[in-house]
Amino acid sequence: MHSFPGIVAVGHINEAIDEGNPLKTLDTLLLPTAKIKNVDPDYAQHYQDVLYHAKSQKLMDSESVSKVLWLDEIQHAVNEANMDKDKTKQWVTLVIDVNQCLDKEKPSDILSVLKSSMSNTNDVIPECADKYYDALAKAKENKSESVSTEGSWLKFSLQDKYEYYYNIDSKESSWVTPEPYLPKESWLTKKEIEAFWKGCKQRKAYLNRRQMLINNVDSIVKIQSWFRMVVARRNYLARLQYFRDHKNEIVKIQSLLRANKARDDYKTLVGSENPPLTVIRKFVHLLDQSNLDFQEELEVARLREEVVTKIRANQQLEKDLNLMDIKIGLLVKNRITLEDVISHRTKLNKKKGGEMQILNNTDNQGIKSLSKERRKTLETYQQLFYLLQTNPSYLAKLIFQMPQNKSTKFMDTVIFTLYNYASNQREEYLLLKLFKTALEEEIKSKVDQVQDIVTGNPTVIKMVVSFNRGARGQNTLRQLLAPVVKEILDDKSLAINTSPVEVYKAWVNQLETQTGEASKLPYDVTTEQALTYPEVKNKLEASIENLRRVTDKVLNSIISSLDLLPYGLRYIAKVLKNSIHEKFPDATEDELLKIVGNLLYYRYMNPAIVAPDGFDIIDMTAGGQINPDQRRNLGSVAKVLQHAASNKLFEGENEHLSSMNNYLSETYQEFRKYFKEACNVPEPEEKFNMDKYTDVVTVSKPVIYISIEEIISTHSLLLEHQEAIATDKQDLLNELLESLGEVPSVESFLGEGAVDPNDPNKANTLNQLSKIEISLYLTSKYDLGDGEAIDGQSLMIKTKKLIIDVIRNQPGNSLPEILETPATTQQETDHARDMVSRAIIDSQAPEEMKHSQSMVEDAQLPLEQKKRKIQRNLRTLEQTGHVSSKNKYQDILNEIAKDIRNQRIHRKLRKAELAKLQQTLKALNEKAAFYEDQINYYDTYIKTCLDNLKRRNSRRSIKLDGKGEPKGAKRSKPVRYTAAKLHEKGVLLGIDDLQTNQFKNVTFDIISTEDVGIFDVRSKFLGVEMEKVQLNIQDLLQMQYEGVAVMKMFDKVKVNVNLLIYLLNKKFYGK
């Protein structure tokens, strides 16, 4: 602890330090109470500087609690200042002695001078005395030459903080710059003197060290090698241990690096305009066909055949069921006899059981199963259908040559069959090309105004919509609309009716049914009159609100599901928009988008919303149906969306819905964006990655499943319109038709022996045989073959296959380098082994997937012979302009790279197609099962009709015998009313030619028959029976639904329908 007087002294000292007055600081240091030792009054300024610096450092120290200097810190600063005094004296002596020695030119004294002035005499090396003197003398001489004015003051810096001045003449010293101040510039300073002798010392030490190393080179090298070995071994073992500790991570990193390298190579293959040969070589193995490829191709072919067969079978079943609907409807209306219906039912059951089973289980006959003499003819048919399939202009022209009723049937059968209902990518691509060609032709030749597409019924548009509604059994509309339509149907409380007249009549019906009294309101009103009633307005507003809410749900479902819209439909919308714009360049964007909307919404979606049960949007049980209220709800939604899609406001007869016009405009803007985006699709070539050469490089040949009847029908149509669709005599179609000759009959098509000439049912047998489907493997008339002329593209394909075989076994940086470098024995051996493996795999391939004989022979050539053949082919291709030697045949390498990319895409698409076909087949089987349920339902219905017929016949026979009703038959008691009573109840409104006061003389007996819902009504006038009519409760309910308030009985009695239903329910059903 410091005493109180000491604390006071500390305070005085710190105040003096802060003031910056050296004399005052000196006085405070000399205070007896401070007890500061060794204070020299001559160094007052230096004490001030050292103390001020110490205090500044303390103030900057954030961890220091006190901000003043205490006595021990002050004493330490004074001691430090005194040490500086000693240092300056030593430095002054050194500078003065050295410079005076140099001035007197006494080299012998330099060593003693330096030693006497150094604190460590060992730093001065005697052997360097002469060098010291020479270096110092030369430096002083150089410095003296530049001096203009000479003073007597020497300046020294301590710790780069304090400066000390000494006058050599007056022996004065100062810690502040003296006035006047003239430095002794010709003299060497302390730093310059020290630099010379220290440098000499370092050089001496360096030379000694160097000489020692030179004298021991061998030993040093050995020591260094030992040391490096130890360090290397230690590092190696440490690294090895590190690898062992992180083995899993290292393997992962290596795999990532390899994958990254492979990915970069593949990006080069895919993205580079000219991928190098070294990259192509790494991926050429992807072109190999494995057993899995063959199995998947066979499975796809099998499923495709099954799908096409199932589609055709379901279509036939659907037609027969529709015909059955019509026959039952006519039966109900007594237009045909029950025997006609039973006859058609027998046919249906036969198709459900026997014939359909035969059709599904028959192994579709190919070309080899027919007679030998018909083989050539069928080969020509294969070439004919290949030409029709791949060249859309023929069928496009044929469609417009036929009458519309015939062209529709032709499209639904032959055309979709020819393209296998687009069951794979290739056939969908070709079918779209047909649609595009036909649509452009139709617009060019038959559309005179923009609106003709909307107001007319274009053939191609009808084809496109029909196909995309689910000809393949995969109903996209179901995915698009099913959830929201089902939600509307399931909402039992939803009631939308936007017709004021219907709302009014329903309101009146409800009043009369609830009260049982005739309403005093008029029955027939106009829209304007109906809207004068608040109840009607309120109900209409509620309906409109519900309509907006439900329409929003349907709209959102459509807008958010653009990706579900079939690509083919979107592409045709794009073609339609572009074709119309090309023909009518002045058409606005809105006009074009309305036409797109007419296709996408009105033709494609609208019917499915109105009748979801007719388009497989919802599942219906056999005999089930949508009730009228549900149908009206859906129709109202469809009507609003139709107006919105065409940007048509509610006007005229729909003026009462004008409150929705703003909503229609907003919805149209949503639709407009949707229609515009729907047209934003790539071309089929890009989408399906196909071009005109795709068939040449695919593994399996295209196949179609077509009946003999359809082959003959197509042949007949082509001959009939040959001049219109193939105007050039040299046209390939004309050549094929000439080879086929006249249209064959079914018997001549099959050949002799196909049908027994003595068969009494020969005509029926031939008719059944004409329905049999055969599989045609389509081929081009000019496919590659031995001895045939080879064009540049075909030669390119052959050469590519040879190059692939060569680069697989012989590496190189460029194709010319590989072709010019002789193959080694090992490379020839490896190549021969690869070719044997390929031959084994090819031998296991199905017949239709095998390579041509010429390609098989090329594959068997040795490596060197293949290279010679490649060189010959490349020279030919260069002459035709397909490749160029200037870029080292990069064009053919680019084609190989494209094949590798396409092969990967093909495999990917094939897997997707397998899944798609399986899904389609499942949906088709479910549809077939539904049709079978319908058949069973109709079967039950007809059996019930038969039972009723038997009961009715037995009752009639009893009555003829005069024995009255059969036992067990119960009938409700007749109900008798006078006309006056019925008039009083409001049921009877009037009787023609009869006054009201005469109503009491007319009576009506209402009798329930054995048929549920059927009533006999007998009328009597003054007890005399006049007439009898029969009432059907279902007919009355239908009239009530349609808003018919008044009906006539006996052609003269007017009755209120609502109150008559009320009366019947009350008297006979207890309602």
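Predicted model: local features only at pLDDT ≥ 70, side-chain atom pairs only at ≥ 80, totals over all residues.

Analyst: Glu-683 forms a salt bridge with Lys-574, and the closest N and O atoms of the two are 3.2 Å apart. Because Lys-574 lies in helix H23 (residues 567-583), while Glu-683 sits in the loop between helix H26 (661-678) and helix H27 (684-688), the pair ties together parts that are 109 residues apart in sequence. Lys-574 itself is buried, its relative accessible area being 17%, a value that falls under the 20% limit for that class.

A second salt bridge joins Lys-866 to Asp-805, with the closest N and O atoms 2.9 Å apart. This pair links distant parts of the chain, since Lys-866 belongs to helix H38 (residues 863-879) and Asp-805 to helix H34 (residues 792-809), 61 residues apart. Lys-866 counts as buried at 0% relative accessibility, and Asp-805 is buried too, with a relative accessible area of 3%.

A further salt bridge is formed by Lys-1048 and Asp-992, whose closest N and O atoms are 3.3 Å apart. Lys-1048 lies in strand E11 (residues 1046-1049) and Asp-992 in the loop between strand E7 (988-991) and strand E8 (1002-1008), so this pair ties together parts that are 56 residues apart in sequence. Lys-1048 counts as partly exposed at 45% relative accessibility, and Asp-992 likewise counts as partly exposed, at 29%. Elsewhere, salt bridges that share partners join Lys-261, Asp-265 and Lys-282 into one network. The count of salt bridges comes to 17.

How values were computed
Residues numbered from 1 in each chain as written. Heavy atoms only, no water. Salt bridge = Lys/Arg side-chain N within 4 Å of Asp/Glu carboxyl O. Helix = DSSP H or I, 4+ residues; strand = E, 2+ residues; numbered from the N terminus. Buried < 20%, exposed > 50% of the residue type's maximum accessible area, 1.4 Å probe, protein only.
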